[in-house]
Amino acid sequence: MLQRSGSKMPEMGGESQKGKEKEVPVSFDNLRDKNLMQLKKLNTAIFPVRYNDKYYCDALSAGEFTKLAYYSDICVGSIACRLEKKEGGGIRVYIMTLGVLAPYRGLGIGSKLLNHCLDLCLHDPNISEIYLHVQTNNEEAISFYKKFGFEIVETIKNYYINISPPDCFVVRKILNAFPKPKGSS
Ligand code: ACO
């Protein structure tokens, strides 16, 4: 299941935000209409929440900020983001989902997906923050994000419907983009 649809694998890379990444044979692919079903299958396997059409529309619109991760041609993980305009100007990135299939966890794939997005953020001076919601009992994910410098900034009661606990944390990282080189506009 979740086999690649024959598209070219883009290069991975960028500066890691959290030490040296593990060397695993993982490649990323962009999300498109053609492979949207891969993300739907992943989400069904990983998350207790069902995602609506707007989620998939936002994920597609986020361009490079949404990626599928392949391990030996099997789609095993993804990061799906939404880019939000801030009231006072600028952009913030909302991580809608970040997930890796259970047998492939602990191999560094989640770190590679998150580092990919953090690298994109750091190279865009318009992006000042990245945040997400996480269920309050999801200790593995909370400690995962803390390793990357994210902090819990808020608790929202009854954020989720039909899952227990229904509460979530808002977890955020403020970003300081790399300074532009002298002479660039
Ligand atoms: N056993 C032990 N530790 C683990 C394991 C595991 N199976 N998986 C992850 N970790 C911890 C380790 O501390 C590891 O750090 P280390 O490499 O320095 O030891 C750290 O997580 C990073 O590990 P990665 O291998 O890079 O992460 P992974 O590929 O496992 O992905 C993720 C982490 C995405 C949180 C994964 O556990 C997952 O998919 N969980 C279920 C979905 C989920 O809860 N997603 C986040 C919800 S919030 C949101 O989506 C916005």
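## Ligand shell and local features

β4 gives the most to the shell around the ligand, with 6 residues. Strands such as this are DSSP runs of E with at least two residues, and helices are runs of H or I with at least four, both numbered from the N terminus. This is a predicted model: local features need pLDDT of at least 70, side-chain atom pairs count only at pLDDT 80 or more, and totals for chains, interfaces and linings use all residues. Residues are numbered from 1 along each chain as its sequence is written, and side-chain values use heavy atoms, without hydrogens and water.

The chain holds 4 helices and 7 strands. Their order from the N terminus is β-α-α-β-β-β-α-β-α-β-β.

**The ligand site.** The ligand has 26 residues around it, and Gly 108, Ser 111, Asn 138, Glu 140 and Lys 147 come nearest. By class, the shell has 13 nonpolar, 8 polar and 5 charged residues. Nonpolar covers Ala, Val, Leu, Ile, Met, Phe, Trp, Tyr, Cys and Pro; charged covers Asp, Glu, Lys and Arg; the others, Gly among them, are polar.

| Residue | Protein atom | Ligand atom | Distance |
|---|---|---|---|
| Leu 98 | backbone N or O | nitrogen | 2.8 Å |
| Leu 107 | backbone N or O | oxygen | 3.1 Å |
| Glu 140 | side-chain N or O | oxygen | 2.6 Å |

The protein covers 75% of the 960 Å² of accessible area that the ligand has on its own. Such areas come from the Shrake-Rupley method with a 1.4 Å probe. Elements that give two or more residues to the shell are β4 (91-100), α3 (109-122), β5 (127-135) and α4 (139-147).

Glu 129 is found in strand β5. Glu 129 is buried, with a relative accessible area of 7%. Buried means under 20%, exposed over 50%, and partly exposed in between, with a 1.4 Å probe and protein chains only. The side chains of Glu 129 and Lys 86 are joined by a polar contact of 3.3 Å. Across the chain, buried residues make up 44% of the 185 residues.

**Loop backbone.** Ser 72 is in the loop between β2 (67-71) and β3 (74-85). Ser 72 is not a glycine, yet has a positive phi of about 50°. Ser 72 is exposed, at 52% relative accessible area. The loop between β6 and β7 holds Asn 158. Asn 158 has a positive phi of about 55°, although not a glycine.

How values were computed:
A residue is near a molecule or strand if one of its heavy atoms lies within 4 Å of it. A polar contact is a pair of N or O atoms within 3.5 Å; within protein, one must be able to donate a hydrogen and the other to accept it, and residues adjacent in sequence count only if both atoms are side-chain atoms.
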